[in-house]
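The report below describes the fold through its sheet, its helices and its nonpolar core. Please keep the sequence and the model in view while reading.

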Amino acid sequence: MSFDETISQHLRITILRLLDEHNGTSNDSLLCDLVAPFGFNPSRDKMRTELNWLAEQGLVECSNNGCMTVELTQRGEDVAKCRVTVPGVKRPARR
């Protein structure tokens with residue numbers, strides 16, 4: 001696995017966990033700020049790429065009205081809470 005893929009996997013689980021902790025909804029701009037304390041500094045384009053990837057896996061639902069809004073799905077919540085694993089998303093440590 002490449003370094004970039006490892007970073008993406010960690011970023012994806014971080015996004016899912018943040019959504020789970022913040023009522024299941026957010027937007028791309030806010031998520032860019034929220035992941036910073038966890039050591040990430042993604043561009044808005046990178047964040048949108050990861051959110052679209054998560055949507056393709058059925059983990060979030062995205063809509064775009066100038067600002068991409070994102071909502072956690074039940075499957076995404078299951079991944080965030082370590083009940084399900086998905087290839088391409090870092091398996092979280094149990095809380």
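## Cysteines

The sulfur of Cys62 lies 11 Å from the closest cysteine sulfur, which belongs to Cys67, and this is too far for a bond. With a disulfide taken as a pair of cysteine sulfur atoms within 2.5 Å, the count comes to zero disulfides. The model is a predicted one, in which local features need pLDDT of at least 70 and side-chain atom pairs count only at pLDDT 80 or more, while totals for chains, interfaces and linings use all residues. Residues are numbered from 1 along each chain as its sequence is written, and side-chain values use heavy atoms, with hydrogens and water left out.

| Residue | Relative accessible area | Class |
|---|---|---|
| Cys62 | 28% | partly exposed |
| Cys82 | 5% | buried |
| Ala55 | 26% | partly exposed |
| Thr73 | 16% | buried |

## The sheet

Helices (H or I, at least four residues) and strands (E, at least two) are DSSP runs, numbered from the N terminus, and two strands pair if DSSP finds at least two bridges between them. On this basis there is an open sheet of three strands in the order β1-β3-β2, with antiparallel pairing. Because β1 and β2 stand at the edges, each with a single partner strand, one side of each is left without a neighbour in the sheet. From one strand to the next the twist averages 20 degrees.

β1, which covers residues 25–27, is joined to β3 over three bridges, and Thr25 stands opposite Glu71 of β3. On the other pairing, β2 (residues 60–64) meets β3 over five bridges; there Glu61 has Glu71 as its bridge partner, and Cys62 has Val70. The hairpin of β2 and β3 has three residues between the strands, and in it Gly66 takes a positive phi near 90 degrees.

In a regular strand the side chains alternate between the two faces of the sheet. Thr73 is in the loop between β3 and α4, and, leaving aside residues up to four places away in sequence, Thr73 touches Gly58, Leu59, Val60 and Glu61, where contact means heavy atoms within 4.5 Å.

## Helix α1

The 19 residues of α1 should span 27 Å at 1.5 Å a residue, and the end C-alpha atoms of α1 are 27 Å apart, which agrees; the expected span is 1.5 Å times one less than the number of residues in the helix. The buried residues of α1 include Leu11, Ile13, Ile15, Leu16, Leu18 and Leu19, but also Ser8, Gln9, Arg12, Thr14 and Asp20. These buried residues pack against β1, α2, α3, β2, β3 and α4. After α1 comes Asn23, whose phi is positive, near 65 degrees.

A nonpolar core is a set of buried Ala, Val, Leu, Ile, Met, Phe, Trp, Tyr and Cys residues joined through side-chain atoms within 4.5 Å. The largest such core has 23 residues, of which Ile15, Leu16, Leu31, Leu51, Leu54 and Val89 touch the most other members. Two or more residues come from each of α1 (3–21), α2 (28–34), α3 (44–56), β3 (68–72) and α4 (74–80), and α1 gives the most, with six residues.

Which residues does Leu51 touch, not counting residues up to four places away in sequence? They are Ile15, Asp28, Leu31, Val60, Cys62, Met68 and Val70. Ala55, placed in helix α3, touches Val60 and Cys62 when residues up to four places away in sequence are again not counted. The C-alpha atoms of Ala55 and Arg91, which are 36 residues apart along the chain, are separated by 18 Å.

Terms used. Buried means under 20% relative accessible area, exposed over 50%, partly exposed in between (1.4 Å probe, protein chains only). Axes are lines fitted to C-alpha atoms, for helices over the stretch in contact, and angles run from 0 to 180 degrees between N-to-C directions.
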